[in-house]
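Morning, everyone. Let me put the next model on the screen, and then we'll walk through it.

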Amino acid sequence: MELIEVPQLIRNADRFREVVTTLARHGLADWISGVPSVWRERLRVGRDDESLTTPQRIRVAMTDLGTTFIKLGQVLSTREDLVGPELAREFAQLRANTPSDPPDAVIAMIETELGASIDELFSWFDPVAMASASIGQVHRATTLDGLDVVVKVQHPGIERRIVNDLQIMQKLAEIAEQQSTRLQQYRPVETIREFQRSLIRELDFHRELKNMTRFQKNFADEPKVHFATPYPKLSSRRVLTMERLQGVSVSDKEALESSGADLTAVAMCGATVFLDMIFRDGFYHADPHPGNLMILPSEPQPDQPNCPPRVGILDCGMVGRIDSGLRDDLEAALIASVTSDAASITEIVVRLGQVPMDFDEPALVSEIQDMLDDYADQNLRDFDVTACLQDVIRIIREHHIYLPAKVAMLLKVLAMLEGTAHQLNPDFSLAELLQPYGQQAMSRRLSPRRVYERMKSRVNEWEHFLSILPKDLADVLHSLKQGNFDVHLQHRRLEPVVNRLVMGILTAALFVGSASLWSSGVSPQLFGVSVPGLLGCSLAVFMGVRLTWQISRVR
């Protein structure tokens with residue numbers, strides 16, 4: 001697709017030019033080499049950061065392009081299986097230094113969204129933002145009931161800018177996938193579609209409010225963990241009001257050391273909460289970095305006057321879900337890991353992911369078996385879960401297997417969880433905490449109740465199959481009898497191959513026919529040469545050269 005074939009981006013022409021120019025300036029738009037020179041001149045292709053590596057240039061370019069591209073980089077930092085460890089580390093450094101909006105604009109947004117004046121909503125509202133991120137900023141406030149809260153307000157106009165940028169990203173991804181064989185391995189079109197769905201959901205604060213409510217319900221009987229209470233009456237799609245937590249951020253190392261809290265107990269408690277989310281509830285907080293965790297003062301219980309500090313969890317906008325099918329696969333993978341069954345793990349990986357056409361299954365089994373042997377002799381105390389997960393991701397990436405976003409996110413969360421816990425206690429062992437969940441998984445899979453449920457499910461499936469079989473079989477036999485039975489074959493991305501094949505046949509036929517006319521001296525002639533034969537051969541040579549050039553571009 002040529003650059004000029006983007007009519008839907010006309011209304012975003014200036015931003016589109018800015019994006020492409022920025023990518024080209026950092027040497028990242030290699031597909032621009034395929035467009036006319038006049039376009040390359042207008043887009044100022046060149047590099048101004050020769051000393052940086054390619055991953056560093058990508059990070060700098062995304063920073064220059066602003067909110068939407070920074071969010072894309074942050075999402076890709078969780079897809080080490082897709083972009084590789086070096087790019088993932090660079091993307092993890094992306095932070096949006098978004099300036100806060102003027103107080104008048106913030107107050108106007110709140111009043112418009114909640115349908116009342118700021119004085120009617122809060123007894124006190126701090127017009128100066130305590131923090132500003134890519135999508136919104138946070139203000140301290142006090143409700144009319146005297147409760148201390150924070151108000152998260154979306155930046156005015158940010159939704160429109162993000163939607164426009166997403167349209168540009170989608171078109172650039174299509175161009176990159178068609179023009180650059182190097183970028184095809186990153187699946188830009190599919191990646192942008194996943195990112196678009198995720199970011200559009202994040203723009204709706206109603207979803208975050210529902211997530212917080214669900215987490216509170218799931219951990220209602222857990223005194224060691226606390227989620228901020230949301231206030232629906234003071235919230236909307238672009239405004240979210242929640243309880244203000246008073247404590248020490250896990251990201252503040254100096255405050256942690258001076259707090260006197262038992263950091264070992266806190267690390268154990270926090271990790272257990274996240275593992276319960278994953279393996280018990282199937283609904284988990286997907287961003288457990290230190291800035292989203294706090295140590296809160298304990299609330300003394302009647303039977304426990306000296307309770308340890310509680311763990312407070314912030315920012316519930318990004319969550320992950322584990323359905324029953326994925327849970328079964330995870331449990332099967334845990335059991336296969338314990339028994340060193342590489343073939344079963346390979347089968348699960350192939351079932352979960354998308355494998356290439358030239359996939360070598362025996363090679364994958366062999367590499368997984370080697371990895372299992374490397375970790376077999378380690379005791380639980382010294383087992384490095386993060387290193388093991390990185391090895392798994394490396395093997396999957398080397399075999400060009402594309403994992404679904406929900407699986408890649410889960411692997412990243414487990415690695416982040418161990419890293420955050422190590423900041424609290426360097427001797428923390430996530431493997432020791434994971435062991436009981438593996439044992440529970442084995443017990444659950446072999447329990448009579450689970451066996452009964454699986455048998456019941458299979459009976460229902462067979463019952464449904466037997467109920468529809470007679471009708472479907474009768475329809476097929478009737479179609480055969482009438483002579484109108486058709487078999488429809490679906491193919492993907494074969495059009496260019498078929499077109500080139502047909503063009504090659506036509507080119508060869510034209511050359512052979514024209515050569516015959518030339519050799520026979522068919523009239524009219526010019527200087528003793530058949531004009532139809534000469535023109536036909538010239539056209540065939542031109543078509544052959546053009547076809548050869550097109551084929552060489554996609555190698």
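How many helices and strands does the protein have? It has 23 helices and 13 strands. Those are DSSP runs, numbered from the N terminus: H or I over at least four residues for helices, E over at least two for strands.

Some ground rules. This is a predicted model, where local features need pLDDT of at least 70, side-chain atom pairs count only at pLDDT 80 or more, and totals for chains, interfaces and linings use all residues. Residues are numbered from 1 along each chain as its sequence is written, and side-chain values use heavy atoms, with hydrogens and water left out.

Confidence next. pLDDT is the predictor's confidence in each residue, from 0 to 100. The mean for the protein is 81, and 84% of its residues reach 70 or more. Among the elements, strand 1 (residues 122-125) has the highest mean, 96. Helix 2 (residues 37-42) has the lowest, 49. Over residues 1-6 the value stays under 50. Where pLDDT is low, the predicted coordinates should not be read in detail.

Now the inside. Of the 555 residues, 40% are buried, meaning under 20% relative accessible area; exposed is over 50%, and partly exposed is in between (1.4 Å probe, protein chains only). A nonpolar core here is a set of buried Ala, Val, Leu, Ile, Met, Phe, Trp, Tyr and Cys residues joined through side-chain atoms within 4.5 Å. The largest one holds 106 residues. F91, F227, L275, M277, I278, Y284 and I313 touch the most other members. Helix 14 (residues 263-281) gives this core its largest share, 11 residues. Apart from it lies another core of 15 residues, including M109, A116, F125 and L234.

What does F91 contact, leaving aside neighbours within four places in sequence? I58, M62, G73, Q74, L76, S77 and V83. Contact means heavy atoms within 4.5 Å. Across the protein, of contacts between residues at least 6 apart in sequence, 66% join residues at least 24 apart.

V476 sits in helix 21 (residues 448-482). Is V476 buried or partly exposed? Partly exposed, because its relative accessible area is 35%.

Last stop: P496, in helix 22 (residues 495-520). P496 counts as partly exposed because its relative accessibility is 40%. I551 is 55 residues away from P496 along the chain, and their C-alpha atoms are separated by 9.9 Å.
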